[in-house]
Amino acid sequence: MKVQILSMLIFLCGHFTQSYGQVEKYKALFIYKFVQGMEWPVSKVSDSYKITVLGDDAVFNQLKTMIKGRFVNGKEIEVSKYKPGTPLENYVILFLGHSKRSLFENLQKEAVSSSTVLITETPGFAQKGSFINFNVESSKLKFELNKSSFNTSSVKVSGTLESLATIVN
């Protein structure tokens, strides 16, 4: 399974086109693959993996389409739009779109304490504590991984994902 994740992400990193809609499609695919390459406390995913999105309808729509009917480790994946004020402990992943970046600081603190992987797409946010931050370099979608955020939370990330990321602390 880890070899499949590695192969898919290498393929995506090497063959990315920066046309509208493609970026969102690849971000959604990466998020789906991230679920497969991470391990949360058992109590966090008792019945399903819950992903929530704030500030990027295109990524939300791609995730809804892509994840419909899919399972990871025998558990369903659910996708919803995040409503500010909802406890992050209800989710395994929060994707925070660039348009809602002003909410980052408060969400980051809660994400670490609740073991919710915060994924962003704003330059510099990995260094500020986002678990994962997407960036585009030379027309290729890449991601940064903040090991300190993972180490502070109860979420374990696979060596495969680490090897594909740019590591920041």
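How many salt bridges does the structure hold? There are four, a salt bridge being a side-chain nitrogen of Lys or Arg within 4 Å of a carboxyl oxygen of Asp or Glu. Before we visit some of them, note that this is a predicted model, where local features need pLDDT of at least 70, side-chain atom pairs count only at pLDDT 80 or more, and totals for chains, interfaces and linings use all residues. Residues are numbered from 1 along each chain as its sequence is written, and side-chain values use heavy atoms, leaving out hydrogens and water.

Let's start with Lys27 and Glu121, whose closest N and O atoms are 2.3 Å apart. Helices (H or I, at least four residues) and strands (E, at least two) are DSSP runs, numbered from the N terminus. Both Lys27 and Glu121 are buried; buried means under 20% relative accessible area, exposed over 50%, and partly exposed in between (1.4 Å probe, protein chains only).

Now compare Lys109 and Glu105, with closest N and O atoms 3.8 Å apart. These two are four residues apart in helix H4 (residues 104-114), so about one helical turn separates them. Lys109 counts as exposed because its relative accessibility is 52%, and Glu105 counts as exposed at 54%.

Finally, look at the largest nonpolar core, which has 51 residues. Such a core is a set of buried Ala, Val, Leu, Ile, Met, Phe, Trp, Tyr and Cys residues joined through side-chain atoms within 4.5 Å. Helix H2 (residues 22-36) gives the most to this core, with eight residues.
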